[in-house]
Amino acid sequence: MRRPRRSVPAALTALVVLAVCTLVTTALVQRLLGQRPVLSYDAVAARVHATSWNELPVLVGGGAAVLAGCALLAAALLRGRPVVVALASAAGIDAGTPRHGLERSLRAAAESVDGVAAAGLRLGRRKVRVKVRTNRTNREGLAEAVRTAVQGRLERVGPAKVPEVRVRVRGGRR
């Protein structure tokens, strides 16, 4: 089963927030236990008050914050792969099917064709790309049979926008 893809800026942000939270929590627990904290509030406050706006660490930190903000903004604005594929509206009711479920169903339809040893499938917005491996010596007509099977499954599912099906056959002889 495939894991959903996560965006890199979101993962990096999560790691940075986790590291900061861990550091602060460790310092607070050490302070509550009466031990010398790893991160001393007094030392950090003294360092911050002694630093001016024109120093290199402040400029580098500000630049990094701007870059991180732009990356997070781009990740929020740019659309990724939809998780749900919209189905054709019937009787005014909008519905959808999970993308991975539709991919699994279409892959099973491709693998059900006689002569197919294995099938890989990639579901895009406009195209379904099917890569089929066969052990047949004669693969004539196999691509059309797989295309028909996948298109038949798409017709039964009924997506709002029916993608074009492209099939590539590997193995055997032409």
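**View 1. Helix α4 passes helix α5 in a right-handed crossing.** In this predicted model, local features need pLDDT of at least 70 and side-chain atom pairs count only at pLDDT 80 or more, whereas totals for chains, interfaces and linings use all residues. Residues are numbered from 1 along each chain as its sequence is written, and side-chain values use heavy atoms, with hydrogens and water left out. A crossing is called right-handed if the near helix is turned clockwise from the far one by less than a right angle, and left-handed if anticlockwise. Helices (H or I, at least four residues) and strands (E, at least two) are DSSP runs, numbered from the N terminus. Helix α4 covers residues 99-111 and helix α5 residues 142-157, and the two pack at an angle of about 140 degrees with their axes 8 Å apart; axes are lines fitted to C-alpha atoms over the stretch in contact, and angles run from 0 to 180 degrees between N-to-C directions.

**View 2. Residues of α4 meet residues of α5.** On the α4 side stand L102, S105, L106, A109 and A110, which meet V146, A149, V150, R153, L154 and V157 of α5, where contact means heavy atoms within 4.5 Å.

**View 3. Strands β3 and β4 pair in the antiparallel sense.** Strand β3 (residues 116-123) and strand β4 (residues 127-134) are linked over 7 bridges, and strands count as paired if DSSP finds at least two bridges between them. A hairpin of 3 residues joins β3 to β4, and A119 stands opposite V132 in β4.
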